[in-house]
Amino acid sequence: MRGDDQFHVKYRWWIAALLFGSTTINYIDRQTLSVLAPYLKHDFGWSNSDFALIVVAFRAAYTIFQVVSGRLLDRLGTRRGLSFAVLWYSAVAMATATAAGLRSFAAFRFLLGAGEAANWPGAAKAVAEWFPEAERGVAVAMYDSGSAVGGAVAPVMVVWLYSTFGSWRPAFVITGLLGFAWVAAWRVVYRSPAPIGKAADAGPAHSWTSLLRRRETWGIVLGKALTDPVWFFITDWFAIYLVSKGFKIENTLLGFWIPFLAADLGNFAGGGLSSYCIRIGWPVLKARKLVVLLGGIGMTLLIPTIAVSNFALIIALFAISTFSYAAWSTMGLTFPADLYPSSEVATVSGMSGAAAGIGTIISTLAIGTVTDRYSFAPVLMGASLLPVVATVLVFVLIRPAVNSE
């Protein structure tokens with residue numbers, strides 16, 4: 001692909017827009033349960049620990065199939081791989097309407113996680129194939145921002161559906177239909193490009209063992225493992241957290257979506273800042289690490305929420321933290337495309353997603369137990385400090401000496 005070919009320049013941003021759409025739908029489908037959690041807990045008599053088991057079922061599948069889907073996407077290709085994945089999880093999302101209790105909810109969430117796991121490895125692979133280094137930060141920000149948009153849209157959409165139909169079941173059916181429309185558009189639009197950048201040097205994919213011998217792989221993997229639990233704490237538990245602070249979910253919708261909007265802005269701020277630094281001559285990794293550093297500092301602002309009871313201030317502190325997380329995450333998602341050929345990008349991305357899944361499963365179980373026995377205070381402390389450790393590991397393990405800058 002020629003860099004001055006205006007058609008290809010415009011076309012690749014259409015690809016990014018479709019990836020944004022898949023991520024948005026992905027999050028609407030998974031957030032449907034989280035938004036309905038207070039109602040479902042009441043209807044079925046679940047404790048926080050019971051709800052945690054359902055969340056863990058999703059995380060377990062998401063963890064396992066991040067690794068599997070990453071490898072399959074590198075072999076099947078982006079178009080076929082993402083088509084199958086979105087069809088799968090959309091059908092499962094709709095089928096969740098038939099759930100009748102803790103076990104069936106857990107089973108459907110496991111199947112949902114198996115399908116949704118392919119989104120990020122697939123999107124990372126598409127970006128590696130279509131975008132040069134100076135544009136990847138913004139392209140990753142664009143598709144990753146769909147998580148924040150989906151998280152912001154889901155509460156309004158799902159609560160409205162629940163109020164309209166007087167039941168939680170139609171919410172799963174209607175939100176699940178969105179994925180089928182996306183697949184139709186994806187199949188019409190997407191095609192594989194001629195390789196660019198590192199993708200042009202792609203040869204046979206290395207084994208998982210070989211990839212794990214590289215220290216930058218561990219920087220990517222451990223970074224995701226220690227930061228993603230912060231985001232999933234907010235997406236899975238924010239409604240329950242607000243209720244624990246004495247707020248009614250129906251009265252908090254205006255504020256509920258603000259941290260998700262902040263995350264959306266954080267995606268583009270992080271991607272835009274790193275891309276700007278690269279354009280003015282910074283080495284790629286130095287530009288990425290600047291954003292990682294600022295994001296790691298910003299996430300520590302969850303700690304003050306422990307002592308705060310004012311709704312607006314709680315929302316503001318969560319918003320700064322999600323903004324910072326999203327900027328950090330954009331860099332974490334960009335690293336595989338920066339450091340590996342396209343034949344390995346989805347595999348490495350899947351490995352980091354699996355590590356994030358393991359970290360999230362551990363944190364989810366801990367959150368359920370700790371909040372039932374104590375409060376959210378220890379959880380907020382951990383969610384603020386783990387990203388600091390992740391930031392240090394990125395600086396130590398991902399160094400310019402191992403990159404071709």
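Start by selecting helix H2 (48-76), helix H3 (78-95) and helix H4 (102-116): each of the three supplies at least two residues of the lining of the largest pocket. The model is a predicted one.

**Stop 1: the largest pocket**

The largest pocket holds about 270 Å³ of space. Its lining is made of 14 residues, and those closest to the centre of the pocket are Ser69, Leu72, Phe84, Ala85 and Ala114. Colour the lining by helix, and H2 gives the largest share, with six residues. Colour the lining by class instead, and the residues divide into ten nonpolar, three polar and one charged.

**Stop 2: the second largest pocket**

Next select H10, helix H15 (342-373) and helix H16 (377-397), each of which supplies at least two residues of the lining of the second largest pocket. The volume of this pocket is about 170 Å³. To show the lining, pick Pro229, Phe233, Ser363, Ala366, Ile367, Val370, Pro378, Val379, Gly382, Ala383 and Leu386. Here H16 provides the largest share, five residues. By class, the lining of the second largest pocket has nine nonpolar and two polar residues, and no charged ones.

**Stop 3: a pair within H10**

Keep H10 in view and select aspartate 228 and lysine 224. These two form a salt bridge, with their closest N and O atoms 3.1 Å apart. Aspartate 228 and lysine 224 are separated by about one helical turn because they are four residues apart in helix H10 (residues 215-244). Both aspartate 228 and lysine 224 are buried.

**Stop 4: the network around Asp338**

Now select Arg136, Arg288 and Asp338, which are linked in a network of salt bridges. Take the contact with arginine 288 as the opening view: the closest N and O atoms of aspartate 338 and arginine 288 are 2.7 Å apart in this salt bridge.

Then turn to the contact with arginine 136. Aspartate 338 forms a salt bridge with arginine 136 too, the closest N and O atoms being 3.6 Å apart. This pair links distant parts of the chain, 202 residues apart: aspartate 338 is in helix H14 (residues 311-339) and arginine 136 in helix H6 (residues 133-165). Arginine 136 is buried, as is aspartate 338.

**Last selection**

To finish, show every salt bridge at once: a search of the whole structure finds seven.

Technical notes
Residues are numbered from 1 along each chain as its sequence is written. This is a predicted model: local features need pLDDT of at least 70, side-chain atom pairs count only at pLDDT 80 or more; totals for chains, interfaces and linings use all residues. Side-chain values use heavy atoms; hydrogens and water are left out. A salt bridge is a side-chain nitrogen of Lys or Arg within 4 Å of a carboxyl oxygen of Asp or Glu. Buried means under 20% relative accessible area, exposed over 50%, partly exposed in between (1.4 Å probe, protein chains only). On a 1 Å grid over the protein atoms alone, a cavity is a set of points where a 1.4 Å probe fits but cannot get out, and a pocket is an open set with protein on both sides within 12 Å along at least five of seven lines; lining residues have an atom within 4 Å of a point. Grid points are joined across faces, edges and corners, and a volume is the space filled by probe spheres set on the points. Ala, Val, Leu, Ile, Met, Phe, Trp, Tyr, Cys and Pro count as nonpolar, Asp, Glu, Lys and Arg as charged, and the others, Gly among them, as polar.
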